[in-house]
Each structure stands twice: as C-alpha cells, then as structure tokens.
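Please look through this model with me. My comments follow as numbered points.

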Amino acid sequence: MPSPPTKEARTADAPRRVKNTQRGRSTVWESESRSGEVPAMAVSNNITACVTLMALICAVPVIASGVWFASAQGEECARLARWPVAILGGLILLAALAGFVGAYWNRRRLLAFYLFAMAALIALLIALLVFAFAVTRGSGAYPVLGREYDEYRLDGFSMWLRGYVSDDPARWEGIRSCLAVSDTCKKLARQAGYVTADQFYQSHLTPLQSGCCKPPSVCGFGYVSPTVWTNPARPASDPDCGLWGNDPAQLCYECESCRAGLLAALRSQWHKANIALVVATVSLVFLYLIGCSAYKNAHAEAIYRRYKW
C-alpha cells in the first residue's frame, strides 16, 4: 500500500503564491501553476501586441498617402493641405509603437495611452476623410462636343475649393508664376502627334493642360498648335477669351478655366489618396476594437488575481 504524500510533496504540487511588489504600486498576489499553463493575462497581452504591430503596419499607407499627396502637388504648384495626412500617419505610428512596447513588456500605462491616443487619432482621420469627401464632391468638368478631353469651370467645385484659388490673389499669382515656368504646357507644345486640329481634339489632356494651355472651346479660336491659336473674328462673351495669349508666359494662366483645371487635378489626387486612407481607417477601427477587448480582459484578470487569495 503506497504511503501518503509527505507535506513537502503536497506543497510542491500545489500552486505557488508569489508575492509581487513594485515601487509605487500595491502588493499583488499572483498564482503560478507548475503545469506550464499560460496565464490569461499573458494571452491578452500577446493579442494586444499583435494588434498594435498590425496597427503599425496600417500607419504606413497613411504616411505614404500623405507623402505622395504632398509630392504630387509639386507638379500643380499647389500647397493645399500638403502634410496633415503624413503628420497624422506619423502620430498613429508613434501611438501604435507605444502600445506594442506596453503590451510586450506589460506596461499598463503605455497600453492605456495607446488606446486613448489611438481613439483620438482615428477620430481625426475619420474627420479628415469626411472633410475631403465633402469639399471634393463636385468635379467642375463638362464635356465638349467633338472633343475627347473635358473642360472645367469653377462653378462645379465646392465653395471651399473655389475660395482656395479665388480669395487670395497673391496665392494664385504664386501658382500662376510656378505654372508658367513648369513643364505642364511645354510638354504639350512639344507633342509631335498633334499636326492637325482633329488630332488635337481627339487627345486626352490632363485637367491642367485643358484649362491652362489652350483657350476654352467656346471662344472659337483657330488651332495652329497645342499652345498657339488664332483669334476668331467674333470672340465669344466668355471672360476667359480675352485673357488668352499665345505668349508662353501668358497662355490661359489668368483664366478661370486654369483655376478650375488646378482644382480638378487636386480633386483627382485626393480621391486616389482617399482609397488608401479609407482602407487604413477601417483596419485601424477593427484593430482598435480588438485591442480594447484584450485590454479589458487583461484588466479584469489582474483584478481577479489581486483579490483571488
């Protein structure tokens, strides 16, 4: 008949109670199992670490969209909201990094900071997306009979965008001077394929080329080359018709159609950037909800272990 286990053996097999005292914190008693079972709090922290790591990855397309949008505006000589998206992406990256460090090394304050900061940053990102979609709602483009390219008018854009190119004459003067020395119209003038007017009319022009490098079709100018046109006998009443000049430094840079072409180009860039931003925002919201759930479970487990004994 086997002898009963000794007191030492019963003590070795029983769960050990470990006293964990940290500076500035209350004493916590934790139960450590000898069977090798992973505590629930460790599982929650591992989940949070994975979530914050994925949030780090999601911050990359936000930063990339902001950098691309800022660099793309160099071609249009504009400075409209160039860096807010990139800065917001950088803040998301820093918040996710803090959350990853807090989850990996079990720093509760860093995790709380991550959740608070990420909630604020996601709210800002959503607000930025709503604003971008609201101000870029109208296109300002209209088709012209017999032309493959569209032409543009300011009335089709939102008041906020119209104010960007119309409210401050000094701002537009800077944009106009930049466009005059850029390659926007120079590249169009060097196109060898536009020998006849019909060839030019069937081309696909960018919004800036359509609005700034040629006169509006309503003016009735005669085609000579992409940037050289003859005045009609009876010019139309459109104010842009009198602003056109064959001088490469003038062209239609003072026309409203040029301002509208610039806004159409910026609107197209915003819509391309918004695709990446929407995907990143949905992913961040999903990861944030998972992180909140894991943090809540870890916090509940910590309270349970504190009062378990």
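The points below cover salt bridges, aromatic rings and a surface patch.

1. First, the ground rules. This is a predicted model, so local features need pLDDT of at least 70 and side-chain atom pairs count only at pLDDT 80 or more, while totals for chains, interfaces and linings use all residues. Residues are numbered from 1 along each chain as its sequence is written, and side-chain values use heavy atoms, with hydrogens and water left out.

2. Start with the charges. Side chains of opposite charge can pair when their charged atoms come close. A salt bridge here is a side-chain nitrogen of Lys or Arg within 4 Å of a carboxyl oxygen of Asp or Glu. The count comes to three.

3. K214 and E151 form one of them, at 2.6 Å from N to O. K214 lies in the loop between α9 (207–212) and β5 (222–225), and E151 in strand β4 (residues 150–152), so the pair ties together parts 63 residues apart in sequence. Helices (H or I, at least four residues) and strands (E, at least two) are DSSP runs, numbered from the N terminus. Buried means under 20% relative accessible area, exposed over 50%, and partly exposed in between (1.4 Å probe, protein chains only). K214 is buried, at 1%. E151 is buried too, at 4%.

4. Now a network: salt bridges link E173, R176 and E254. R176 meets E173 at 3.6 Å, N to O. These two are three residues apart in helix α6 (residues 169–181), which means about one helical turn between them. E254 meets R176 at 3.4 Å, N to O. That pair links distant parts of the chain, 78 residues apart.

5. Next, the rings. Rings of Phe, Tyr and Trp (its six-membered ring) pair if their centres lie within 6.5 Å; planes under 30 degrees apart count as stacked, over 60 as edge-to-face and the rest as tilted. The whole structure has nine aromatic pairs. F69 and W270 have ring centres 4.5 Å apart and planes at 55°, so this pair is tilted. Both F69 and W270 are buried. For Y223 and W229 the centres are 5.3 Å apart and the planes at 85°, so the pair is edge-to-face.

6. Which residues do ring pairs link into a cluster? They are Y149, Y194, F200, Y201, Y223 and W229.

7. Last, W83. W83 is found in the loop between α2 (40–76) and α3. At 43% relative accessibility, W83 counts as partly exposed.
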